[in-house]
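Here is a short report for a reader meeting this protein for the first time. Please look over the sequence and the structure before reading on.

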Amino acid sequence: MRTFEILLLIVNLGLLIICTLWPSRHPLRLRAAAAGITALLSMIQMVAEGFRWQMIPVYAVSVLLGLSALVLILSKHKRSRQPRPGPRFGIRWLRTCVTVLLLVMYTGVSVALPSLLPVFAFATPSGPHGVGTTSLILVDERRDEPHTEDPSDHRRLALQIWYPASVEERPHDKRADYIEHLPIILEGLEQAISIPPFLMSQLRYVKTHAYREAEVALDQERYPVLLFSHGLTGFRNQNTFQVEDLASRGYIVVGIDHPYDAAAVVFPDHTAMLKLDNLSGFEAYEAKNRLWVEDIKFVLDYLERVSPAEEEHFLSGRMDMDKVGMFGHSFGGATAAQMLMEDPRIKASLNLDGALYGQPIPEEGFDRPYMQMNADTSIDYDNFAQSLDEAIEASGSSREEYEAFWAEMTSRRNHAASGDSAYSIVLAKADHMSFTDFYLFSPLLALNSTSPRQLHHSVNEVTAAFFDQYVKGENGISIERTIDSLHGITAEQR
C-alpha cells in the first residue's frame with residue numbers, strides 16, 4: 001500500500017473504533033466530525049496518489065459515518081421526551097461483539113484488496129547510471145505484414161530504448177509510467193492469461209526508474225547495445241526489472257514489440273492486437289521464428305544506420321555497434337539463440353526459459369557465448385508428465401506428439417549447452433513467468449515460486465556478469481563465482 005493509503009486506512013479504522021466502541025455524550029457531533037475528517041483525507045489521497053477501486057472499502061467509511069450521523073439527526077426528531085431505559089447488559093455485550101467482528105472484517109478486506117493488487121515499485125537499479133527511455137516506431141518497407149490482408153501494409157515495429165542517462169536534476173515524481181497505452185495492453189493480455197483488465201488497472205500508477213527523453217550520460221563516449229525480445233503474448237516492457245538494471249550498468253537496451261504476437265502494439269493509425277495461433281511443435285513455429293529473426297535484423301540495420309556521429313539521432317555517436325548482445329524471454333529467447341547462429345553482429349545471447357524453436361541447434365553448440373536460464377519446473381519431466389493429460393485434452397494432440405516434443409526440446413537444449421562458452425543454469429522454485437515482471441502484479445500469482453524480487457536480483461546479477469564478460473569484454477569476471485554466490489541458482493553440469 002502507498003503512503004497516503006496506509007495513513008487513510010489507519011485514521012479510518014481509528015475513527016470507526018471511536019465512533020462505535022467509545023462512549024460519547026455527543027455522538028452526533030463525533031460522527032459528523034469523523035465523517036468530515038475521513039472525507040477530507042480520502043480526497044487528499046485521491047488527488048495525491050489517484051483513485052483505485054481496491055480502496056473503495058476505505059473510501060466508504062466517510063459515507064457510512066455521514067449516514068450514521070444523518071440517522072442520529074432523524075431519530076432525534078422522533079425520539080420521545082421521556083428517557084428510555086438503556087439496553088440490557090446481554091444485548092450491549094452482543095452489540096459490542098458484533099461491532100468488533102465487523103471491524104475485524106472491514107480491516108481484513110481493506111488491507112487485503114490493495115495489498116493483493118498493489119501499486120508496486122521496482123527495485124532500484126544497481127548500476128551507477130541514471131536511466132533514460134524513449135519510444136519510436138520503425139517501418140520496414142521491404143517486408144509486407146503477414147498478419148493482415150492489405151498488400152500495402154508493411155511490417156512495422158514499436159521499440160522502446162533504455163539507456164544510461166543524466167537524471168540528477170530531474171524530479172523524482174517525473175519518472176516514466178510503466179506501460180504506455182495500458183488499457184489496450186491489458187485487453188490484449190486478457191486473451192493470453194484470462195485476467196480481466198479491471199483487476200490490473202492499478203498498474204497505471206506504477207512508475208519506473210527511467211526518465212523520458214533524458215540526456216545520455218556523458219560518463220563514456222559509447223555504450224554497448226543489447227536487444228530484448230519478449231515472449232509470445234508478452235510486450236516490450238515485460239522485463240522492466242531487467243532492462244532498467246542493465247541500462248544503469250552502462251548498456252543501451254532496445255526492447256522490441258513484435259506486432260500481432262505481442263499483447264498489443266499501438267501505432268498512430270491502428271492497434272495491432274494479439275492474434276493467437278493454434279500452433280504446436282517445432283515445425284509449426286518455424287515461420288513465426290523466421291519472422292521474429294527478420295524483425296531483429298531490421299532493428300540492427302536501423303541502429304547501424306543511425307549509429308555514426310554525423311547522423312541526426314539522439315544516440316548517434318553513442319552506440320558501440322561492435323559490442324552487441326541479445327536476450328529474450330520464451331519465444332524471444334529462442335529468437336536470441338537463432339540470431340547467434342545467423343548474425344555475426346550478435347556477440348552473445350541469453351535465453352530466459354525459452355524452448356529453442358527455429359533451426360535445429362548444431363550438436364557442437366554455438367560458436368559464440370550463449371547462456372540458457374531455466375526454471376526448474378520447465379525442465380522437470382515429472383512436472384511435464386503431470387500436466388500431459390490436461391494438455392492432450394485441451395489441444396487434441398496425441399501423447400506421442402507431446403513426448404516427441406519433449407525429446408526434441410531436451411536435445412536442442414543439450415546441444416546449445418555444448419559450446420565452449422555455453423552456460424545452462426537452473427533457478428529453484430521458479431516457473432516460466434518468474435523471468436518477467438508478472439509476479440510483481442500480485443503476490444497471489446507467485447504463491448508457489450521464489451520471491452520475485454529475490455529471483456529478479458539473481459537474474460540481474462548473472463545477466464550482468466554474462467554480458468560484462470562477453471559483450472563489454474571486461475576481464476576478471478567469473479560467471480561461476482557469481483552463480484555460486486546466489487541462493488537458489490545452480491549451473492547444470494556438462
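## Basis of the model

This is a predicted model, in which local features need pLDDT of at least 70 and side-chain atom pairs count only at pLDDT 80 or more, while totals for chains, interfaces and linings use all residues. Residues are numbered from 1 along each chain as its sequence is written, and side-chain values use heavy atoms, with hydrogens and water left out.

## The whole protein

The protein has 13 helices and 13 strands. Both are DSSP runs, numbered from the N terminus: helices are H or I with at least four residues, strands are E with at least two. The C-alpha trace spans about 95 × 60 × 55 Å along its principal axes.

Of the 494 residues, 50% count as buried. Buried means under 20% relative accessible area, exposed means over 50%, and partly exposed lies in between (1.4 Å probe, protein chains only). The protein exposes about 23900 Å², and carbon and sulfur atoms supply 57% of that area. Areas come from the Shrake-Rupley method with a 1.4 Å probe; for residues, only the protein chains shown count as cover.

Contact means heavy atoms within 4.5 Å. Take the contacts between residues at least 6 apart in sequence: 75% of them join residues at least 24 apart.

The protein carries 44 positive and 62 negative charges, and their mean positions are 19 Å apart. Lys and Arg count as positive, Asp and Glu as negative; His and the chain ends are not counted. Each charge is placed at NZ of Lys, CZ of Arg, CG of Asp or CD of Glu.

Strand S9 covers residues 319-329. Nine of its 11 residues are buried, so the strand is largely enclosed by the rest of the structure.

S9 pairs in the parallel sense with strand S5 (residues 223-229), over seven bridges. Two strands pair if DSSP finds at least two bridges between them. Pro 224 has Asp 320 of S9 as its bridge partner. S9 also pairs in the parallel sense with strand S10 (residues 348-352), over five bridges.

## Two residues with positive phi

Ser 330 sits in the loop between S9 and H8. Its phi is positive, about 60 degrees, although it is not a glycine. Ser 330 is buried, with a relative accessible area of 17%.

His 181 lies in the loop between strand S2 (154-166) and helix H5 (182-193). It is not a glycine either, yet its phi is about 55 degrees. At 42% relative accessible area, His 181 is partly exposed.

Pro 197 is in the loop between H5 and strand S3 (210-212). It counts as partly exposed, at 26% relative accessibility. Not counting residues up to four places away in sequence, Pro 197 touches Leu 186, Glu 187 and Glu 190.

Asn 289 belongs to helix H7 (residues 286-306). It is buried, with a relative accessible area of 3%. Leaving out residues up to four places away in sequence, Asn 289 touches Phe 331, Ala 334, Thr 335, Gln 338, Tyr 357 and Gly 358.
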